[in-house]
Amino acid sequence: MTDRVRSVLALGSNLGDSHGTLSLAVADLVDNPRVRLREVSPVVRSTAVGGPEQPDYLNMVIEVETDLSPYEFLAHCQAVENLHHRTRDVRWGPRTLDVDIITFGDYTSDDELLTLPHPRAAERAFVLQPWAWMDSTARLGGRLVTELVGGTADHAEIRPYEGADTPWAL
């Protein structure tokens, strides 16, 4: 693949220094010369959806351009998760870092390894709200992200993260 594709990624963390992890993860994702950062959303705090009882998450969305293939890009995102000590012991369990590919240009896939667009993104306010703040014209499945976010079950749980509990902000 030689053409550059725009891709939207959702990042989340709820273990350790989540704000620092998200910042470093963005840097690690675009440290590859074949990945270029285009936009970054504000960080939000959200209540965990599904899975065991766990701390709140910090979430954000970024848009990048890449000439990696979809599966090369998935491998790159998983390598960045592993760099930040991501484990996959409990489905929807707490994690140091989660990187989900939400869209990859117009590419669609029903493959179990890589389903695109992300099959649950339209139901998740912690993905849609920061994405809408980053790009008010963004669309998912033909609908404006700004419209989708109001219909999510967890919309009221999303709060802007001001960084008040980070050591450098005290």
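On a 1 Å grid over the protein atoms alone, a pocket is an open set of points where a 1.4 Å probe fits, with protein on both sides within 12 Å along at least five of seven lines, and its lining residues have an atom within 4 Å of a point. Grid points are joined across faces, edges and corners, and a volume is the space filled by probe spheres set on the points.

The model is predicted, so that local features need pLDDT of at least 70 and side-chain atom pairs count only at pLDDT 80 or more, while totals for chains, interfaces and linings use all residues. Residues are numbered from 1 along each chain as its sequence is written, and side-chain values use heavy atoms, without hydrogens and water.

| Pocket | Volume | Lining classes |
|---|---|---|
| Largest | about 930 Å³ | 17 nonpolar, eleven polar, eleven charged |

The largest pocket is lined by 39 residues, with Arg-95, Asp-98, Asp-100, His-118 and Arg-120 nearest its centre. Among the elements that each supply at least two lining residues are helix 2 (70–83) and helix 3 (125–134), whereas strand 5 gives the most, four residues; helices (H or I, at least four residues) and strands (E, at least two) are DSSP runs numbered from the N terminus.

The second largest pocket has 17 lining residues, and Val-8, Thr-103, Gly-105, Trp-131 and Arg-139 are the closest to its centre. Strand 1 and strand 8 (139–140) each give two or more residues to this lining, and strand 1 contributes the largest share, three residues.

Technical notes: Nonpolar A, V, L, I, M, F, W, Y, C, P; charged D, E, K, R; others polar.
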